[in-house]
Amino acid sequence: VHISMLYKEYIKISSLSVHRVGNKAAVEGVELSEKPVEIDEALAEILKGYFLMAFKDDEKYHFTHPTEIELNSVFTYIKKIFIEVESFHEQSRNIAKFLYEKSEHPNIKRGDFYVIYFKDCILDGETVDAVGLFKSENKDTFIQINAVSGGFSVESQTGMSINKLDKGCLIFNTQEENGYVACVVDNSNR
């Protein structure tokens, strides 16, 4: 699978859930949202560009397990989403909890964890849906200029930059028997 063969212009964001995942070793906890995030079409296009722009690598991966693929927790959560898309948010919460349980290395930073359901991904000529798992750990400071009567106000805000994705994984609903096709980006730990 060549990621350049992923035609991004046809892809739509169908669902988005956001959670905050800390480092378990530092007892930072996990904050789970109660419901998916509602976004309008303009924001969906911006987010689609941000989350998908970094996928340019040729490498593909598959979920594995030493004995039985169904025992791989994330594979099972993703499979449930593909079987019953209505379970998307519940499974996103399960994946966030699982990620927290595995976040014991001292270098793992607290961050926002996004789970996205993408529709109409055309991958090497096949139209499939995909689930994206993304973690934003690094925050930037932005300057906001606002017009006020007689002049302008200047304030700073902290947030994620839409110019560089920290970590991400796209799992395509194809080749389930082989552990799905997955592509990974990690700009934090090259």
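Figure 1. Helix 3 covers residues 88-101, and at 1.5 Å a residue its 14 residues should span 20 Å; the end C-alpha atoms are 20 Å apart, which agrees. The expected span here is 1.5 Å times one less than the number of residues. Helices (H or I, at least four residues) and strands (E, at least two) are DSSP runs, numbered from the N terminus. This is a predicted model, where local features need pLDDT of at least 70 and side-chain atom pairs count only at pLDDT 80 or more, while totals for chains, interfaces and linings use all residues. Residues are numbered from 1 along each chain as its sequence is written, and side-chain values use heavy atoms, with hydrogens and water left out. The buried residues of helix 3 are F88, H89, Q91, S92, N94, I95, A96 and Y100. Buried means under 20% relative accessible area, exposed means over 50%, and partly exposed is in between (1.4 Å probe, protein chains only). These buried residues pack against strand 2 (12-21), strand 3 (30-31), helix 2 (73-83), strand 4 (111-123) and strand 5 (126-136), where contact means heavy atoms within 4.5 Å.

**Figure 2. N72, in the loop between helix 1 and helix 2.** That loop is the place of N72, which counts as buried because its relative accessible area is 15%. Its side chain reaches the backbone nitrogen of V74 at 3.2 Å. Leaving aside residues up to four places away in sequence, N72 touches F63, T64 and H65.

Figure 3. S103 lies in the loop between helix 3 and strand 4, and at 2% relative accessibility S103 counts as buried. Not counting residues up to four places away in sequence, S103 touches V21, G22, N23, K24, A25 and I108. K12 is another matter: S103 and K12 are 30 Å apart in space, C-alpha to C-alpha, and 91 residues apart in sequence. The side chains of E104 and K24 meet in a salt bridge (3.9 Å, N to O). E104 sits in the loop between helix 3 and strand 4 and K24 in the loop between strand 2 and strand 3, so the pair ties together parts that are 80 residues apart in sequence. A salt bridge is a side-chain nitrogen of Lys or Arg within 4 Å of a carboxyl oxygen of Asp or Glu. E104 is partly exposed, with a relative accessible area of 45%, and K24 is partly exposed too, at 28%. Salt bridges that share partners join K24, E101 and E104 into one network.

**Figure 4. K12 meets D120.** The structure holds twelve salt bridges, including one between the side chains of K12 and D120 (3.4 Å, N to O). K12 is partly exposed at 48% relative accessibility, and D120 is partly exposed at 28%. D120 also has a positive phi of about 60°, although it is not a glycine.

**Figure 5. E137 and K167.** Here the side chains of E137 and K167 meet in a salt bridge (3.4 Å, N to O). E137 is in the loop between strand 5 and strand 6 and K167 is in strand 8, so to speak distant parts of the chain, 30 residues apart. Are these two partners buried or exposed? E137 counts as buried at 10% relative accessibility, and K167 is buried with a relative accessible area of 19%.

**Figure 6. A nonpolar patch on the surface.** I143, I145, F152 and V154 form this patch, with about 470 Å² of accessible area together. Strand 6 (140-148) and strand 7 (151-159) are the elements that give two or more residues to the patch. Patches are made of residues with over 30% relative accessible area and no salt bridge, with like charges joined within 9 Å and nonpolar side chains (Val, Leu, Ile, Met, Phe, Trp, Tyr) within 5 Å. Accessible areas come from the Shrake-Rupley method with a 1.4 Å probe, and for residues only the protein chains shown count as cover. I145, in strand 6, counts as partly exposed at 47% relative accessibility.

Methods:
A polar contact is a pair of N or O atoms within 3.5 Å; within protein, one must be able to donate a hydrogen and the other to accept it, and residues adjacent in sequence count only if both atoms are side-chain atoms.
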